[in-house]
Amino acid sequence: MIEKMSEENTEEVKVLEAQIQHLQAEIEALKGQQQNNNKDMTLQFRGKMQDAMSYLFGQTHIEEERVMSRLKEEVEEMEEDLKQQTQMNGICLKTCTTKTLQKIDNKLVQKLCVSGQCSELVFQVEFHLSEVKEGQRSERTISDLNVVMDASDLQNFSSFLSRAEEQSDLLLFFRTLRTFSDRCDDRCRAFEHFKEKYPSVISFPGGSRSEVMALNHPELPGCILFIHWAVAVSNEGEVTPKIELLTKIPEEALELFPSQALGGAPESFQSLLRILGPEAAIESMIRAISLSQES
C-alpha cells in the first residue's frame with residue numbers, strides 16, 4: 001500500500017515538474033516576443049520621429065527661405081525708393097542711427113542721427129523724434145535739432161541755420177539746403193566756364209567753389225577785377241544770389257585807360273545784371289574792358 005502511494009506521488013511530481021518546465025518555456029517565449037515587440041515599437045517610434053523632425057525642419061527651412069526672400073524684396077524696394085528720393089531732392093543720405101530715449105505707455109522718444117551730402121555740402125543732423133499715440137492716431141514732433149556743417153564756407157548760411165535749429169524746423173533746413181546747394185553749383189559752373197574760355201585772365205583766389213573770381217587785365221599791371229558771387233540766405237530760408245563787381249585799380253592804370261570805363265565798372269555791371277543775367281553780364285564786362293582778345 002505504501003509503495004503504491006509512493007509511486008503515485010512520484011508520478012504527480014513528474015507531472016508538476018513537466019508543467020513547470022512548460023510554463024518556464026512559455027515565459028521565456030513571451031519575454032522574447034516582448035523584446036521583439038519593444039524593438040519594433042522603438043524602430044517605429046524612431047521612424048515616425050525622424051519623419052516628423054524631417055518635416056518640421058523642412059518646413060522651417062522653407063519658411064526661412066520665404067522670410068529671407070521677403071526681406072530681400074523689401075530692402076530692394078527701399079533702396080529703389082531711396083534712389084528716387086535722392087534724384088528728386090538732391091540729398092543723399094549716408095547713415096542713420098536711432099536710439100530709444102523713452103518708451104512709456106503711449107509715448108516714444110527717440111534720438112536720430114543722420115549724415116549725408118547735398119552736392120558738395122556734407123552735413124550731420126541730430127534731433128529728437130517724439131511720437132504720442134491716441135487711439136488710432138499718432139502725432140510726431142521734432143525737437144532739439146542740431147546741425148553740423150563746415151561753417152568756414154557757409155557764412156551766409158549760418159544765420160539761417162541757427163534759426164532753423166531754434167525752431168527745430170527739419171523740413172525747412174533740407175528744403176533750403178537743396179536750394180542753397182543748387183545756387184552754389186550754378187556759380188561754380190559759371191566760374192569754371194569762364195576759366196576754360198579765358199584761362200590767361202581768370203583765376204580763383206579761394207578755389208573754383210569759392211565766392212570770388214578774379215579777372216587780371218593783361219595790359220594794365222596791378223589792375224584786377226573781382227566778381228564776388230555770394231549766395232545769401234534769409235532767416236526764413238529764402239535763397240538769393242548776390243553778385244558784385246569789385247575793382248582794384250591803381251592810379252597809373254586809370255591814366256592809361258582814357259575812357260575811364262574801369263572807374264564806373266561796378267555800376268555798369270549792376271545794370272547789365274538786371275538786363276542780361278549773371279553769365280551774360282560777366283561776359284559783356286570781360287569784352288568791354290578788353291580782357292578778351294575776341295572781337
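Start by selecting Val125, Phe127, Met149, Phe157, Phe173, Leu177 and Phe180: these residues have the most contacts inside the largest nonpolar core, which has 27 residues. A nonpolar core here is a set of buried Ala, Val, Leu, Ile, Met, Phe, Trp, Tyr and Cys residues joined through side-chain atoms within 4.5 Å. Buried means under 20% relative accessible area, exposed means over 50%, and partly exposed lies in between (1.4 Å probe, protein chains only).

A word on what you are looking at: this is a predicted model, in which local features need pLDDT of at least 70 and side-chain atom pairs count only at pLDDT 80 or more, while totals for chains, interfaces and linings use all residues. Residues are numbered from 1 along each chain as its sequence is written, and side-chain values use heavy atoms, with hydrogens and water left out.

**Stop 1**

Now colour by element. Helices (H or I, at least four residues) and strands (E, at least two) are DSSP runs, numbered from the N terminus. Two or more residues of the 27-residue core come from each of E2, E3, E4, helix H2 (155-167), H3 and strand E7 (224-233). Which element gives the largest share of this core? That is H3, with 7 residues.

Next, centre on phenylalanine 173. Leaving aside residues up to four places away in sequence, phenylalanine 173 touches Val125, Val147, Met149, Phe157, Phe160 and Leu161, where contact means heavy atoms within 4.5 Å. Apart from this core lies another one, of 21 residues, among them Leu215, Ile243, Ala281 and Ile286. As background, nonpolar side chains tend to be buried together in soluble globular proteins.

**Stop 1**

Rings of Phe, Tyr and Trp (its six-membered ring) pair if their centres lie within 6.5 Å; planes under 30 degrees apart count as stacked, over 60 as edge-to-face and the rest as tilted. By this rule the model has 7 aromatic pairs.

Take phenylalanine 123 with phenylalanine 173: the ring centres are 6.2 Å apart and the planes stand at 80°, so this pair is edge-to-face. Phenylalanine 123 sits in strand E3 (residues 121-134) and phenylalanine 173 in helix H3 (residues 170-197), so the pair ties together parts that are 50 residues apart in sequence.

With phenylalanine 123 in strand E3 and phenylalanine 174 in helix H3, the pair ties together parts that are 51 residues apart in sequence. Phenylalanine 123 and phenylalanine 174 are both buried.

**Stop 3**

Show the strands as cartoon. An open sheet of 4 strands has the order E1-E2-E3-E4, with antiparallel pairing; two strands pair if DSSP finds at least two bridges between them. Strand E1 (91-104) and strand E4 (137-148) are the edge strands, each pairing on one side only. From one strand to the next, the twist averages 20°.

Zoom to E1 and strand E2 (residues 107-118), which run antiparallel and are joined by 12 bridges. For leucine 93, the bridge partner in E2 is glycine 116. H3 lies across E1, E2, E3 and E4, running at about 155° to E3. For such angles, axes are lines fitted to C-alpha atoms, for helices over the stretch in contact, and angles run from 0 to 180 degrees between N-to-C directions.

**Stop 2: salt bridges**

Switch to charged side chains. The structure holds 6 salt bridges, each a side-chain nitrogen of Lys or Arg within 4 Å of a carboxyl oxygen of Asp or Glu.

- Select glutamate 131 and arginine 140, which form a salt bridge at 3.8 Å, N to O. Glutamate 131 is buried at 15% relative accessibility, whereas arginine 140 is exposed at 57%.
- Select arginine 189 and aspartate 186, whose side chains meet at 2.4 Å, N to O. Both lie in helix H3, 3 residues apart, about one turn of the helix.
- Select lysine 197 and glutamate 283, a salt bridge with its closest N and O atoms 3.2 Å apart. This pair links distant parts of the chain, with lysine 197 in helix H3 and glutamate 283 in helix H6 (residues 278-288), 86 residues apart. Lysine 197 is partly exposed at 35%, and glutamate 283 is buried at 13%.
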